[in-house]
Amino acid sequence: MAAPTISAAQAVGEYLQSPDDLAKVAAFRKKLEKEKASIDARLRSGVKEQLDATRDGLRKLFGTRNNVQTIKDEMETVDRMCSDPQYVVSTFDQISRVSMVHRNFEQTEEMVNNLLEMNSKLEMLERMLVEDSNDILGPAPHLLRIHFQLNRLEAFRNQTMHQAKKSSADTRNTLTRWFEQLTSLIEAFDQYVLELARNILPIVRAGNPDVIVRLMKVVEMEAREDEKAIAIKLVKKAGKMDAASKFRSMQANARVIKHYRSKVMKCITDSIQAKFDEVYAANERNPTGFLDDLVFIYKDLIRIESDVVPCFPPSYDIWQTYVREYHKALNKSITKLVKSEPEASVLLTLHAWIKEYKKSMRELGIAPEWLEPPLLEGKEQSLIEDYLQLIIKKLDEWSDNLMKTEVAAFTAREEPPEVNSDGLYTTSGTVIFLDMVNQQVDLALDSGQGLVLSRAIEEVNRVMRSIQDRWVKLVDTEYKKYTEKPEETPGGLVEYCIALANDQIKSADFTEALSARIEPLVSDKYRVTIHDKLNDALDGYLDVAKKYTQTLISIIFHDLKPAVKQLFGPAWYDGTHAQIIETMRDYLADYQAYLNESLFEVLLEDLLDTYLVTYLTAIANGPKLNMPAAADRIRKDIDEAYKLFGTYKKMKELEPQMEVLDQVLAMLEASKSLAFLSYYSFAKVHGPCIPFVEALMKARSDLDRSAVSEVMDSIKRKVKDDNITDPPEPTIMKKIVIQSALSRFLVRT
């Protein structure tokens, strides 16, 4: 669509839109003159270029017309000179007949000589062929000579049989029998050539690449002869007999098309497939071994690229051919492997192998489009999906089998647990299980799919939780046997509990590392699920580890039951508390030697709490305390406890925990009138604790009932006046249970 025409007035109006623009007329004029000059220059340049192009085109057109006329004149001259000689030379017919007679004499003489010499030549060629065939990987020194002689003899046979077409049937049969030996030798040579083609790589490895070069010369020559024969057939088929009759050799050529090139390429393909079939058959019951043995692919291809490819003409593109055929044979073999329904572990190995195969082919510089069709139709991902369908079954089977072994070892406890490189107790089953989990997760990661990884983690969490629950129940059962039927319980429960506790920490560390490793690799869609599931398993391991340390503490205090019962009884005044301290010291020494350091710290804290609870419960529920002897004994007990726990903890950390014993001792030693002061220091930390304090006051032999009432009244007033309440965070006093008088009586009896 043409642009609308703008009048001069409109153009001027665009520049002069206000009275002030009149002052700019000179500037507008200069600007327009510059634009006009620029447009004129471009127009002149464009016109000149167009004229030059037109002038050059006309010049070429005239030159072409002159060339066409010259060619026409030359062709007319050639046509006149190529007219039939018989119209130019009057005696041409006689010359032609004499020439034909002479040629027939020569051909007859040649045919007779060839027939006379053929048998001796064939015997010599047979010996050469047998010698070369006996060593198929050998140097084949006679290959080209045999081919050259056979080619000449074959041409002679073809020409003779062609000339005998008009002879009698007996003559043709006689000639056929005469050439039988030659025909057999040609067939034997063909088989030898194809056998060489089947062994190209072995021949090169045997140090005879020149044999392949000679082989390709034979193939190329036969290909050219095939092309000539095909051309003759096409000419005859087109009905141009006049053109064919001008070439006597074409007329006599009765060659059978050999298709050496296609046959050689087929032999190469067949030899590659045969090698794969051989390796597969050798490992039919060992799929993993088959995959391991496939390393020959890379060795072969490297050797082919360096030593075989230079032996072939570039037109064969033999490097691509070998790569494609190796890939196709590989695809057939692994498809067959998958259809045989191997174990899940084989699917894992196969998936990893395919991944490594692709990587290796890239490193070899092989174009992806050569690797067609894709392995397993590009559905190698289905291996992961198939495996995921087996995850539940396999993980359960493996964990069940592992647990059977581990549970049997735990319940029998015939041998002590294993000791790892850090000198800590452990079990082999945990290492195996974590390796198994790692394997499944790595496989899921290799799939490159967040959904697959998420599902795998969910199954891992389920199995981890199941194993944790089974171990907790088993340890509870074994501890119950240990306490109720010690004579029927094997030893080593402590050692195995330590080993299991260590394994929980190892598993927790593994789970935490696993989470840190895989969470950044997935999208937010799956990251939350993976984090939650692994965090849940991690918490489970820590809870179970805590459970085992509690069991270890329970074992200590189970052994201390007799000594604990004697606390604040008559025997206690003689120093039975030292027995408790020494027993704990012995156990702690064993625990520290074989228990994870972090777990030992947790155990030590819990042991101190358990000791304090036991001691305070005993003092609150025990018999009357003979004062002041009881106070002196308690002071010695506190010193002994400080010495034991001070071995493993710093005093500034220990003192706040042990302070409660000092406060209790202060309340026991305080006079009736000042008891509330000692109590106040205690209550500021632990809250009122009236039942405990009352039991403590009643246990003092130096206070009668009225004195206890007075003390408690003053304490209760203090609590009310100062509004003493329980602390925000419960202290150890919350764990102290004050028994009723009846309960205490029953316990003592």
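Figure 1. Let's start with Val-338, which sits in helix H14, the stretch covering residues 318-339. Keep in mind that everything shown here comes from a predicted model. Leaving aside residues up to four places away in sequence, Val-338 touches Leu-350, Leu-376 and Leu-383.

Figure 2. The chain has 749 residues, and 40% of them count as buried. As for secondary structure, you'll find 29 helices and 2 strands. Now take the contacts in the chain with a separation of 6 or more: 77% of them are accounted for by residues 24 or more positions apart.

**Figure 3. Helices H18 and H19 pack against each other.** Here helix H18 (residues 450-484) meets helix H19 (residues 493-518) at an angle of about 165°, and their axes are 12 Å apart. H18 passes H19 in a left-handed crossing. On the H18 side, the residues in contact are Leu-453, Ile-457, Met-464, Gln-468, Trp-471, Val-475, Glu-478, Tyr-479 and Tyr-482. On the H19 side, look for Leu-493, Cys-497, Leu-500, Gln-504, Phe-510, Thr-511, Leu-514 and Ile-518. Sorted by class, this contact has 13 nonpolar, 3 polar and 1 charged residues.

**Figure 4. Helix H18 also packs with helix H20.** Stay with H18, but turn to helix H20 (residues 524-559). How far apart are the axes of H18 and H20, and at what angle do the helices pack? The axes are 9 Å apart, and the angle is about 10°. Angles under 35 degrees count as roughly parallel, so H18 is roughly parallel to H20. The residues in the contact of H18 with H20 divide into 17 nonpolar, 10 polar and 7 charged.

Figure 5. How many disulfides does the structure hold? The count is 0. Cys-267 is buried, with a relative accessible area of 5%. Cys-497, which you met in the contact between H18 and H19, is buried too, with a relative accessible area of 0%.

**Figure 6. The buried residues of helix H27.** Helix H27 runs over residues 690-699, and its buried residues are Phe-692, Val-693, Ala-695, Leu-696, Met-697 and Ala-699. What covers them? The cover includes helix H23 (597-621), helix H25 (651-669), helix H26 (675-686) and helix H28 (705-721).

Figure 7. Arg-633 has its place in helix H24 (residues 629-646). Is this residue buried or exposed? Arg-633 counts as buried because its relative accessibility is 11%, and the cut-off for buried is under 20%. Not counting residues up to four places away in sequence, Arg-633 touches Trp-572, Tyr-573, Asp-574, Gly-575 and Glu-640.

Figure 8. Pro-373 is in the loop between helix H15 (344-363) and helix H16 (381-412). Another cis bond goes from Met-627 to Pro-628, with omega near 5°. To find Pro-628, look in the loop between H23 and H24.

**Figure 9. Positive phi values at Ala-140 and Asp-317.** Neither of these residues is a glycine, yet phi is positive in Ala-140, near 50°, and in Asp-317, near 45°. Where do they sit? Ala-140 is in the loop between helix H3 (92-134) and helix H4 (143-163). Asp-317 is in the loop between helix H13 (296-308) and H14. Ala-140 is buried, with a relative accessible area of 4%, whereas Asp-317 is partly exposed at 37%.

Key:
Residues numbered from 1 in each chain as written. Predicted model: local features only at pLDDT ≥ 70, side-chain atom pairs only at ≥ 80, totals over all residues. Heavy atoms only, no water. Axes fitted to C-alpha atoms, helices over the stretch in contact; angles between N-to-C directions. Helix = DSSP H or I, 4+ residues; strand = E, 2+ residues; numbered from the N terminus. Left-handed = near helix turned anticlockwise from the far one by under 90°. Contact = heavy atoms within 4.5 Å. Nonpolar A, V, L, I, M, F, W, Y, C, P; charged D, E, K, R; others polar. Disulfide = S-S within 2.5 Å. Buried < 20%, exposed > 50% of the residue type's maximum accessible area, 1.4 Å probe, protein only. Parallel < 35°, antiparallel > 145°, perpendicular 65-115°, else oblique.
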